[in-house]
Amino acid sequence: MSAFRRLVARDLRLALRQGGDAATVVAFFVLTVILFPFGVGPEPELLRRIAPGVVWVTALLASLLSLERLFLADYEDGSLEVLALIPLPLEAQVVAKCLAHWLVTGLPLTLLAPLLALLLHLEGAAYPALVAGMALGTPTLSLIGAIGAALTLGARRGGVLLSLLVLPLYVPILIFGVGACEAAATGFAARPHLLLLAALLALALPLAPFAAAAGLRQALE
Amino acid sequence: MPASRLSDLPATGFAGRGLACWRGERPVFERLDFDLPSGGALILRGPNGSGKSSLLRLMAGLGPAAAGALLWDGVPVAEDPGAHRARLHFVGHADALKAALTVAETLTFWAGMRGGGDLPAALARFRLRPLADLPCRFLSAGQRRRLALARLVGSPAALWLLDEPLTGLDEESVADLHAAIAAHRKEGGAVALSTHAPLALEGAATLALDDCAPSFALAALGP
């Protein structure tokens with residue numbers, strides 16, 4: 001097994017055994033979406049209109065919840081120091097950790113999104129756009145989040161700082177994700193929005209690991 | 001680094017010349033030279049805060065030196081940091097263990113990240129075999145330390161950098177570490193370690209970090 005796959009496997013194993021972070025993310029996502037009909041009233045028309053926005057905003061915040069722990073656990077127990085000294089470049093390790101993070105947070109969010117959209121009476125035609133948008137958008141959330149998590153490592157109250165750093169960068173993903181759903185729901189093509197989400201992912205995949213690795217090196221000095 | 005010093009560099013082994021280190025606004029040490037030939041051992045001594053940990057981290061490449069250069073076989077380490085990482089093991093103050101992973105999984109993971117290694121040998125060297133299937137959360141401080149040190153034996157590396165490796169170890173485990181270091185040096189490996197406890201390593205050089213304390217910092221402390 002290559003070092004890259006070993007690191008992904010370790011993070012998955014830790015997430016499954018400890019369970020905490022992934023379960024928190026999923027529970028937050030489900031509970032918050034379920035609360036909306038209680039808050040705004042059960043009219044199907046209103047829920048149908050706000051469904052894409054509610055699902056996407058909640059998914060964004062849910063993914064933010066788990067970001068602080070992305071590197072913090074390894075930083076605190078000294079693993080990050082040892083990881084920084086293994087032959088596999090730190091950039092590749094960031095990709096591995098983001099992949100594991102996405103598998104335990106982004107993927108469950110993507111799979112649960114259509115079920116929760118059902119509760120909000122989302123327009124039938126919008127489901128493919130919602131799932132495709134989440135599948136393209138959530139990996140970018142993990143990658144951008146990794147930059148924030150690396151930069152706030154070792155800072156006191158890093159969580160607050162992390163939200164302030166990362167949320168503005170999440171806005172384009174939110175806009176195009178919701179845009180794809182609404183275009184599909186109103187009979188327009190969702191494809192341009194999805195292509196823009198794919199472009200954001202294609203941009204974040206090579207760039208974010210370099211920024212995050214630089215942040216990690218700074219934290220280790 | 002004065003140019004004249006380059007000429008008396010050893011052709012093999014690990015060496016540092018004219019090293020200086022700052023922590024924030026404070027100089028920790030300066031004009032520090034060391035030589036660590038293959039098969040050699042270097043014991044760092046000095047009071048708390050004299051820069052033993054900083055020097056070991058610097059040797060590992062975790063952070064740049066404020067001045068000076070590290071050389072491996074006469075070639076500056078900075079020219080190929082990746083190759084330097086591949087030939088060293090660093091055991092710091094933190095044990096780098098995950099509470100949810102077992103002893104065997106921890107060793108397999110760390111050895112695997114460096115391209116594979118010898119799990120049975122690593123377990124045997126620090127008497128960890130009875131604990132192999134125990135999650136790390138059940139280990140005592142001394143057992144955690146032994147597991148961190150077992151990483152050294154788990155995969156081969158030419159240079160060991162150990163920061164206070166004796167902390168929390170009982171007498172038998174200190175003897176285990178002794179034996180591990182002796183075997184490593186016999187195969188041509190080098191060791192640099194910091195310790196406050198007496199540790200008799202055959203033919204080891206001692207580096208007293210007090211001698212490299214920054215001159216103006218000492219002057220400031222005077223009457």
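How many residues of chain A are in contact with chain B, and how many of chain B with chain A? In this predicted model, the count is 20 residues of chain A against 20 residues of chain B.

The predictor assigns the complex an ipTM of 0.87 and a pTM of 0.90. Chain B has an average pLDDT of 85, and 91% of its residues score at least 70. Residues 1-7 of chain B are a stretch to treat separately: pLDDT stays under 50 there, and the model has five contacts for them beyond four places in sequence.

Now let's turn to a helix pair within chain A. Helix 6 (residues 90-119) and helix 7 (residues 127-151) of chain A have axes that come within 8 Å and cross at roughly 150°. Because angles over 145 degrees count as roughly antiparallel, helix 6 of chain A is roughly antiparallel to helix 7 of chain A. The crossing of these two helices of chain A is right-handed.

Which residues meet here? From helix 6 of chain A they include A:V94, A:W102, A:G106 and A:L109, and from helix 7 of chain A they include A:Y127, A:L130, A:M134 and A:T138. Taken together, the residues of this contact between helix 6 and helix 7 of chain A comprise 16 nonpolar, five polar and no charged.

Terms used: Residues are numbered from 1 along each chain as its sequence is written. Chains are lettered from A and ligands numbered from 1 in the order in which they are written. This is a predicted model: local features need pLDDT of at least 70, side-chain atom pairs count only at pLDDT 80 or more; totals for chains, interfaces and linings use all residues. pLDDT is the predictor's confidence in each residue, from 0 to 100. Two residues are in contact if their C-beta atoms, placed from the backbone, lie within 7 Å. Axes are lines fitted to C-alpha atoms, for helices over the stretch in contact, and angles run from 0 to 180 degrees between N-to-C directions. Helices (H or I, at least four residues) and strands (E, at least two) are DSSP runs, numbered from the N terminus. Angles under 35 degrees count as roughly parallel, over 145 as roughly antiparallel, 65 to 115 as roughly perpendicular and the rest as oblique. A crossing is left-handed if the near helix is turned anticlockwise from the far one by less than a right angle, and right-handed if clockwise. Ala, Val, Leu, Ile, Met, Phe, Trp, Tyr, Cys and Pro count as nonpolar, Asp, Glu, Lys and Arg as charged, and the others, Gly among them, as polar.
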